[in-house]
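Okay, thanks for coming, everyone.

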Amino acid sequence: MKPGSGIPSNNAGTPPNDVDMNFALNEDQILIRDAAESFLGDVSDSAAVRRALDSKLGYDATVWQRIGGELGWCGVAIAEAQGGLGLGPVELVLIQEQAGRHLLCAPFYATVCVAATALQDLGSAEARERFLPQIAAGALRIALPLHSGREQWLASAQALQARRIDGHWVLDGAVPRLVDVAEADYLFVFATIAGGGLGLFAVAPGAAGLGLQPCATWDGSRRFTDVQLNSVRADIRIDEPHRASEGVTRTLALARLYLAAEQLGGAQQCLDLTVAYTATRKQFGRAVAGFQAVKHRCAEMMVKIEALRSAVYGAAATAAGAVDNGTLAMECAMARVLAADTYFWCAQEAIQLHGGVGFTWEYDPQLHFKRAQAASHWLGNADVLRAELADALLD
């Protein structure tokens with residue numbers, strides 16, 4: 001890996017031969033997508049999102065229980081041996097797309113898309129057996145940080161020190177901006193081990209010496225908390241040392257892919273809301289949707305969204321194949337760059353094409369604008385990702 005880069009260089013300009021780039025959903029994947037759209041359309045509509053924003057927890061616990069128990073989404077990408085469905089990145093991307101479209105307020109992304117991925121890619125056998133079956137059953141909620149990239153994760157780890165005392169791991173330091181801490185069963189944090197090395201640890205939220213400070217954020221649909229640890233005893237060291245380096249690379253790549261899928265769904269909803277509004281809003285005795293300028297702007301939104309959908313689905317197909325980490329990291333980073341730009345652009349266009357009322361509380365474009373603005377900084381903003389891609393390509 002080039003120093004300072006978040007993407008390994010693989011000196012490859014084309015995807016491997018075993019990745020089918022003629023991507024099409026099969027019948028089971030279509031059923032998963034349609035079921036997610038139908039379910040979230042019912043339980044995460046505009047009114048439900050607003051109730052979640054005003055709640056202490058930040059999400060509807062009943063909906064979360066149904067996601068894990070009734071629907072089995074939490075186990076989609078977890079192996080059958082650990083109680084999951086044994087599917088993969090494509091199916092999880094389809095669910096994430098609908099979650100973003102309906103602004104799902106739940107610890108699904110942190111727990112299922114990031115924590116479960118980290119466990120599978122760098123976790124020890126003990127950690128996988130302990131946590132993955134519970135995640136697959138929807139019985140576990142995990143909070144973790146969403147730093148800008150690999151280097152930021154490593155820098156955060158340097159601010160948290162782990163030492164071995166009487167056979168137990170003890171952590172000292174601070175971790176900023178953990179997501180979905182409310183009612184979480186565990187916090188997953190990276191720390192620097194005394195004597196050298198990096199480790200991933202699980203900490204119980206009620207552990208002695210743990211301080212939690214909620215962050216004020218633009219996007220109330222995803223909440224963050226700063227964490228201070230003063231001689232906090234970790235429940236378990238999660239990572240298997242020889243898997244950690246490659247595991248972090250793959251985990252970060254997939255986390256970016258699942259976030260890009262969420263942003264794809266949000267961008268699509270911005271277009272759908274705009275088309276519905278302009279079809280009923282009238283000026284000069286005719287629907288605004290009939291004006292050529294409005295048609296052109298909606299068409300441009302659609303073109304950007306379809307380009308993003310191709311990038312996200314293509315990266316998902318790559319992730320589902322036998323691919324090296326360098327290629328996967330580049331594909332997911334490119335999808336993430338396009339997703340951040342597209343979602344933000346579609347959200348601001350939706351507000352403009354709503355005639356300004358899109359910024360008011362009663363209309364949903366402002367919710368998507370806040371999510372797009374906040375999400376553009378998670379796991380790497382566009383500038384960070386473009387720099388990583390440039391480093392990998394020019395290495």
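This is a predicted model: local features need pLDDT of at least 70, side-chain atom pairs count only at pLDDT 80 or more; totals for chains, interfaces and linings use all residues.

Residues are numbered from 1 along each chain as its sequence is written, and side-chain values use heavy atoms, with hydrogens and water left out. When I say helix or strand, I mean DSSP runs numbered from the N terminus, H or I of at least four residues for helices and E of at least two for strands. And two strands pair if DSSP finds at least two bridges between them.

Back to that bridge. S2 and strand S4 (residues 186-193) run parallel, paired over two bridges. With strand S3 (residues 168-179), strand S2 (residues 160-165) pairs in the antiparallel sense, over six bridges. Look at Arg-164, which faces Trp-169 in S3, and at Arg-163, whose bridge partner in S3 is Val-170. The S2 and S3 hairpin has two residues between the strands, and Asp-166 there takes a positive phi near 50°.

Strand S1 (residues 142-145) pairs with S3 in the antiparallel sense over two bridges, and Pro-145 sits opposite Leu-178 of S3. S7 also pairs antiparallel with S3, over seven bridges; there, Val-175 has Val-227 in S7 as its bridge partner.

**Now the helices**

How do H5 and H6 pack? Helix H5 (residues 108-122) and helix H6 (residues 125-136) have axes 10 Å apart, at an angle of about 155°. Axes here are lines fitted to C-alpha atoms, for helices over the stretch in contact, with angles from 0 to 180 degrees between N-to-C directions. So H5 and H6 are roughly antiparallel (under 35 degrees counts as roughly parallel, over 145 as roughly antiparallel, 65 to 115 as roughly perpendicular, the rest as oblique). On the H5 side the contact includes Thr-111 and Leu-119, and on the H6 side Phe-131 and Ile-135; contact means heavy atoms within 4.5 Å.

The other pair is helix H10 (residues 325-353) and helix H11 (residues 365-375), whose axes come within 9 Å and cross at roughly 150°. Those two are therefore roughly antiparallel as well. Among the residues meeting there are Tyr-343 and Phe-344 from H10, with Phe-369 and Arg-371 from H11.

**And the arginine**

Last stop, Arg-222. Where does Arg-222 lie? In the loop between strand S6 (210-214) and strand S7 (224-233). Is Arg-222 buried or exposed? Arg-222 counts as buried, because its relative accessibility is 4%; buried is under 20% relative accessible area, exposed over 50%, partly exposed in between, with a 1.4 Å probe and protein chains only. Leaving out neighbours within four places in sequence, Arg-222 contacts Tyr-109, Val-179, Thr-217, Leu-259, Glu-262, Arg-371 and Trp-378.
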